[in-house]
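Hi,

Here is the structure I said I would pass on.

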Amino acid sequence: MHPVRQPVLAAGLTALATAATLGLAPGAAVAAPAASPSISVNWFGTADVRAHTATVGGRFDCGAERGLAYIEVHLDQRRGAVTGFGFGVIGACTDERTAGTWTATIPADQGRFRPGPATTIARLVIEPNSLTETTEPVRLRPRCAHP
């Protein structure tokens, strides 16, 4: 049997004592962490040059949060040459509705959104105090006029 170094033995005993104190000893029940809210943006959106708007969408997940919920969207194209802000209304995060899809139409503050790359900052807000944000690239495609 190899001799055990005193510092290694002391460190191991300290870690075991700390785990037992925290209730993390083998066989102790550990609660799973509550799921966090999340939001994502679809890879593609549409640009309506005539209406000076762009439409983007994605998915949301409320996690363990419950309350009134909505999406805030900032869209930036051509490094700030065209920007806009809009909302996606999703209603509320409840026990029956914990995830889904969202869509927001964003009017351009100045200029026109055009087909091409853009950057989306999307925020999932769940009242009274939950905020989750993502920044993702999106490619705007031309909006096809319906007859």
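**What I found**

Let me start with Leu140: leaving aside its neighbours within four places in sequence, it is in contact (heavy atoms within 4.5 Å) with Gly45, Thr46, Ala47, Ala54, Val56, Leu75, Gln77, Phe113, Arg114, Pro115, Gly116 and Ala118.

Before the rest, some housekeeping. This is a predicted model, with residues numbered from 1 along each chain as its sequence is written. Local features need pLDDT of at least 70 and side-chain atom pairs count only at pLDDT 80 or more, while totals for chains, interfaces and linings use all residues; side-chain values use heavy atoms, with hydrogens and water left out.

**Confidence**

pLDDT is the predictor's confidence in each residue, from 0 to 100. The protein chain averages 82, and 75% of the residues score at least 70. Residues 15–25 have a pLDDT below 50, and that stretch has five contacts in the model beyond near neighbours in sequence. Over residues 8–13 pLDDT stays under 50 too, with one contact beyond four places in sequence. Where pLDDT is low, the predicted coordinates should not be read in detail.

Of its 25 residues, Leu75, Trp102, Phe113 and Leu140 touch the most other members. Strands E1 (38–41), E3, E4 (67–77), E5 (82–93), E6 (99–107), E7 (116–126) and E8 (130–142) each supply at least two residues of this core. Strands here (E, at least two residues) are DSSP runs numbered from the N terminus, as helices (H or I, at least four) would be. In soluble globular proteins, nonpolar side chains tend to be buried together.

E1 pairs with E3 in the antiparallel sense over four bridges (two strands pair if DSSP finds at least two bridges between them). Ile39 has Phe60 of E3 as its bridge partner.

Thr53 lies in E3, which covers residues 53–61. Its relative accessible area is 15%, so Thr53 is buried (buried is under 20%, exposed over 50%, partly exposed in between, with a 1.4 Å probe and protein chains only). Beyond four places in sequence, the contacts of Thr53 are Thr46, Ala47, Asp48, Thr105, Ile106, Pro107 and Phe113.

**The disulfide**

How many disulfides are there? With the pair defined as cysteine sulfur atoms within 2.5 Å, the count comes to one. Cys62 is joined to Cys93, S to S 1.9 Å. Cys62 is in the loop between E3 and E4 and Cys93 is in strand E5, so the link spans distant parts of the chain, 31 residues apart. The torsion about the S-S bond is about -65 degrees, so the disulfide is left-handed. Cys62 is buried at 0% relative accessibility, and Cys93 is buried at 2%.

**Salt bridges**

Taking a salt bridge as a side-chain nitrogen of Lys or Arg within 4 Å of a carboxyl oxygen of Asp or Glu, I get four. One of them joins Arg66 to Asp95 (3.0 Å, N to O). Arg66 is in the loop between E3 and E4 and Asp95 in the loop between E5 and E6, so the pair ties together parts 29 residues apart in sequence. Arg66 is partly exposed at 33%, whereas Asp95 is exposed at 62%.

Glu72, Arg123 and Glu133 are linked in a network of salt bridges. Glu72 and Arg123 meet at 3.5 Å, N to O; Glu72 sits in strand E4 and Arg123 in strand E7, so this ties together parts 51 residues apart in sequence. For Arg123 and Glu133, the closest N and O atoms are 2.5 Å apart. Glu72 is buried at 16%, and Glu133 is partly exposed at 44%.

The peptide bond joining Glu127 and Pro128 is cis, with omega about 15 degrees. Pro128 lies in the loop between E7 and E8. His52 has a positive phi of about 60 degrees although it is not a glycine. His52 is in the loop between strand E2 (44–48) and E3.

Cheers

Terms used: A nonpolar core is a set of buried Ala, Val, Leu, Ile, Met, Phe, Trp, Tyr and Cys residues joined through side-chain atoms within 4.5 Å.
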